[in-house]
Amino acid sequence: GDVNVIENFIVAIDCWNFLHTSNTYRGEFSRLCQQWGAVDWNWISAFKIDMALYKGDIEFFRKLLQMERQKLKGSDKEKVENLRLLLQLVNAYLLLGDAKSACNLATELIALVPEDIPNETEQSRTVKSAAPNHGTAGRSLKLVSCSATDVIPYTLDIILSAVKEKVFSDSCTDTAIGQLIVLSQYNWPKEMECFSSVLSLIQKRGSFTYQKFFDYVITIEMLEEMMYLINQTNIKLNLISQETSSRTRAVTRGANSKVREELVIAMDKQLERWNENIDSVIRVFFKQEKLCFIGGDE
């Protein structure tokens with residue numbers, strides 16, 4: 001299990017350090033590596049990268065990752081390896097306090113994750129992700145397999161945190177609110193409280209424009225709550241794009257019953273999508289949209 005892998009990893013680091021405690025050991029070890037052809041062992045580079053992360057040398061960790069990734073550019077032979085490097089780069093930028101770069105890479109990472117979740121095997125690569133352990137001293141070591149099962153939730157958590165920060169700030173935009181609603185579906189109902197806060201924010205603002213709403217929002221509870229805003233409040237909602245609107249831009253304005261009716265019909269029809277695969281919806285979202293903190297605002 002993960003505990004054994006971590007223990008073995010720490011033992012390997014101790015052995016590596018011991019082999020570099022003197023020039024004699026270092027020279028003999030270097031000679032053996034040349035004799036064994038260790039320069040061609042991909043796992044040696046991966047181990048050095050993991051070791052830099054474990055030791056907390058984050059800037060060196062980032063440089064090693066970028067060098068390794070440069071070597072793989074233009075090659076489809078090492079897709080899993082590139083996935084591993086990208087996942088660790090996301091972590092490196094987070095640890096360096098550069099959330100925007102981390103989120104940029106995280107969106108690129110999601111596009112690389114295979115849609116078919118591979119069976120876990122002994123050959124499945126894992127990445128070691130040392131993040132600050134809030135509330136306690138030091139860092140924690142986390143193992144993440146290079147599969148959709150682990151990578152998508154891990155990266156989405158990072159992206160979601162950044163979008164939340166944007167929404168609940170003075171620089172909040174309707175695009176940010178809409179994207180937070182879309183992304184909150186992945187961890188539903190875990191993000192129910194966040195969605196409630198978003199609804200309160202929309203009511204406080206008095207209007208909400210997000211014309212991609214019906215492209216990506218399929219969670220029944222969310223649709224029902226938006227239906228309540230349509231029927232029971234005077235909030236101005238603009239959720240249907242001009243291309244798909246049958247008459248005019250669907251904006252609720254209290255007295256305009258026709259556009260309100262159009263929005264209600266669209267919401268009813270949207271309920272038919274409740275059983276779609278949310279993973280597929282989120283993947284399409286990342287392929288089609290620019291995130292609010294990257295440059296997708298109105």
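Helices are DSSP runs of H or I with at least four residues, strands are runs of E with at least two, and both are numbered from the N terminus. The model shown is predicted: local features need pLDDT of at least 70, side-chain atom pairs count only at pLDDT 80 or more, and totals for chains, interfaces and linings use all residues. Residues are numbered from 1 along each chain as its sequence is written, and side-chain values use heavy atoms, with hydrogens and water left out.

View 1. Helix α2 has 14 residues and spans 20 Å from its first C-alpha to its last. That is close to the expected 20 Å, where the expected span is 1.5 Å times one less than the number of residues.

View 2. On a 1 Å grid over the protein atoms alone, a pocket is an open set of points where a 1.4 Å probe fits, with protein on both sides within 12 Å along at least five of seven lines; lining residues have an atom within 4 Å of a point. Of the 24 lining residues, Ala38, Val39, Ile44, Ser45 and Lys48 are the closest to the pocket centre. Helices α2 (23–36), α3 (42–55), α4 (58–72) and α5 (79–95) each supply at least two residues of the lining. The lining divides into 12 nonpolar, 6 polar and 6 charged residues. Here Ala, Val, Leu, Ile, Met, Phe, Trp, Tyr, Cys and Pro count as nonpolar, Asp, Glu, Lys and Arg as charged, and the others, Gly among them, as polar.

**View 3. The largest nonpolar core, with 78 residues.** A nonpolar core is a set of buried Ala, Val, Leu, Ile, Met, Phe, Trp, Tyr and Cys residues joined through side-chain atoms within 4.5 Å. Buried means under 20% relative accessible area, exposed over 50%, and partly exposed in between (1.4 Å probe, protein chains only). Ile181, Leu183, Phe213 and Leu237 have the most contacts inside this core. Helix α7 (residues 148–167) gives the most to the core, with 11 residues. Beyond its neighbours within four places in sequence, Ile181 is in contact (heavy atoms within 4.5 Å) with Phe195, Val198, Ile202, Phe208, Phe213, Val217 and Met222. A second, separate core of 8 residues includes Phe9, Trp16, Cys33 and Phe47.

**View 4. The cis peptide bond from Trp188 to Pro189.** Omega for this bond is near 5°. Pro189 sits in the loop between α8 (174–184) and α9 (192–205).

**View 5. Glu289, in the segment after α13 (278–288).** Glu289 counts as buried because its relative accessibility is 16%. Not counting residues up to four places away in sequence, Glu289 touches Lys212 and Tyr216. Gln179 is 110 residues from Glu289 in sequence, and their C-alpha atoms are 9.2 Å apart.

**View 6. Leu141 in strand β2 (residues 139–145).** Leu141 has a relative accessible area of 22% and is therefore partly exposed. Its C-alpha is 7.6 Å from that of Tyr54, 87 residues apart in sequence.
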